[in-house]
Amino acid sequence: MGDAAPRVEDAPSPTAPVRVPRVELRRLVVRDFRNLERVDLAVPPDGLTIVGENGHGKTNLLESVYYLELLRSVRGARDADLVRFGAVGFHVSAEVAVPAGEAGTARADRVIDREVGVGFERATKRKRVRIDGAEVPRLSDALGAVPSVIFSPGDVVLVAGSPSERRRYLDVALALTSRRYLSALQAYRGALVRRNAALRDAMRSGRGEGRASVWEPQLAEHGAVLWTERRRWVRQHAEAFAQLCAAIGERSPMRLRYATALDVPHVAGDDDSVDGAREALKRALADKRPLDLKRGLTHAGPHRDDLELAMGGRDLRLFGSAGQQRTAAIALRMLEAATLRDHVGSAPLFLLDDPFAELDARRAHRILALLGDAGLGQVLLVVPRASDVPPELTRLPRAGIQDGVLSL
Ligand SMILES: Nc1ncnc2c1ncn2[C@@H]1O[C@H](COP(=O)(O)OP(=O)(O)OP(=O)(O)O)[C@@H](O)[C@H]1O
């Protein structure tokens, strides 16, 4: 690792540009990841536009970069499916400069240069992560190593898809920015799998209620952290969500709410009491246990909650137009970027996967202006045609991609 002065760039907004430090991807090396056999890319400081026809590997390239952030596929693919057909494993590595400062101050006083590499072997199913040459003992220690946010037309599932998509969105945004949330999430998931297995056993044998209930204190303990942090995040970002949607061009008021069946008594002056949530969750688990035993499934807890999105009081999922749903999905990604920026103290890398497809030019322009105002980071933009590059980003250097091979 080395320290240097932070890099500060002008944001491209036509209105009041904001100068922010930003994460900078300097070099990307990819081997045998999907259709990318060999990529060795020196990324220009401002970023890059990559133009290529459908199916040539544009999304794969962004997926490989984002793999370094999440250590799994952003498309939810299994690691084995990411290995290039016929290859034994994949490897992705990057040299990245991350301005760092005190969390929450959005101010950077130094730059951390780091090398991050991830390798996966198909035969052993082993995944190894190295930071600055040293293997990290636990994968979770390397999460968030290349702070980035990805925007793509597929994000519409955040709005139109099932509640699990929105829970995953919250889990990713919070796990990448809160160690406490990440540990609670891992522990909660583990306890949930075990309780559900015990419930299924009990369902088959008609006995063993105790083996299921033994997991409830753990579920309540960790579930309360998830519940409280998610609610706090939604409360802190609901206003910004409404404002972003309006600024993008939505006329109906948009609302973001954490929808939960958990009944936590309100304690004056303390909206974030983990104690209250833990006790409420314990009660809910015990109340639902007879039903759980009948169905072999846990019915109470944050794994059943939702992030409710409404437009003028109506469910956006059921009543929103395609464009309105896209607008809300982009606003959610912007909130994710803001959450990362607040945590890291610098603008994340923006991976833009043809994000303005199907949006009218005015909305696309406003989105870019908003991103600029908030401090747009380094950009990797991929589009199928050069004419799809919005005027605000034509300044970026260009590359092409064909059959997984980049040409600069
Ligand atoms: N494990 C793999 N090994 C080799 N090739 C793969 C693998 N997984 C996917 N592909 C190939 O990658 C290609 C798709 O790449 P990608 O999704 O990046 O396309 P794209 O350029 O983003 O296209 P579009 O513009 O349609 O979104 C397909 O041709 C697919 O067969």
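**View 1. Strand β5 pairs in parallel with β15 through five bridges.** In this predicted model, local features need pLDDT of at least 70, side-chain atom pairs count only at pLDDT 80 or more, and totals for chains, interfaces and linings use all residues. Residues are numbered from 1 along each chain as its sequence is written. Helices (H or I, at least four residues) and strands (E, at least two) are DSSP runs, numbered from the N terminus. Two strands count as paired if DSSP finds at least two bridges between them. Strand β15 spans residues 379–383, and Val 383 in β15 stands opposite Val 51. Three bridges join β5 to strand β16 (residues 398–402), again with parallel direction. On that side, Thr 49 stands opposite Arg 398 in β16. Of the five residues of β5, four are buried, and the strand is mostly covered. A residue is buried if 20 or more other C-beta atoms lie within 10 Å of its own, exposed if 12 or fewer, and partly exposed in between, with C-beta atoms placed from the backbone.

**View 2. Asn 54 and His 56 lie in the loop between β5 and α1.** Is Asn 54 buried or exposed? Asn 54 is exposed, because 7 other C-beta atoms lie within 10 Å. His 56 counts as buried, because it has 21 C-beta neighbours inside 10 Å. Leaving out residues up to four places away in sequence, His 56 touches Ile 401, Gln 402, Asp 403 and Gly 404. Contact here requires C-beta atoms, placed from the backbone, to lie within 7 Å.

**View 3. The ligand is surrounded by 16 residues.** The closest are Asn 35, Asn 54, Lys 58, Thr 59 and Asn 60. Helices α1 (58–70) and α2 (79–82) each supply at least two residues of the shell. Helix α1 gives the most, with three residues. By class, the shell holds four nonpolar, eight polar and four charged residues. Ala, Val, Leu, Ile, Met, Phe, Trp, Tyr, Cys and Pro count as nonpolar, Asp, Glu, Lys and Arg as charged, and the others, Gly among them, as polar. The unreviewed UniProt entry carries a "binding site" annotation that covers Gly 52, Glu 53, Asn 54, Gly 55, His 56, Gly 57, Lys 58 and Thr 59. UniProt positions follow the numbering used here, feature names are shortened, and annotations may be inferred rather than shown by experiment.

**View 4. Three strands form an open antiparallel sheet in the order β11-β12-β13.** Strands β11 (254–259) and β13 (314–315) stand at the edges with a single partner strand each, so one side of each is left without a neighbour in the sheet. Two bridges join β12 (residues 306–311) to β13, and Ala 310 has Asp 315 in β13 as its bridge partner. Helix α7 (residues 216–248) lies across β11 and β12 and runs at about 170° to β11. Axes are lines fitted to C-alpha atoms, for helices over the stretch in contact, and angles run from 0 to 180 degrees between N-to-C directions.

**View 5. Gln 325 sits in helix α10 (residues 322–344).** Gln 325 is buried, because 22 other C-beta atoms lie within 10 Å. With residues up to four places away in sequence left out, Gln 325 touches Val 156, Val 159, Ala 160, Leu 316 and Gly 320. Gln 325 and Leu 158 are 167 residues apart in sequence and 8.7 Å apart in space, C-alpha to C-alpha.

Key: Near = placed C-beta within 6 Å. Contact = placed C-beta atoms within 7 Å.
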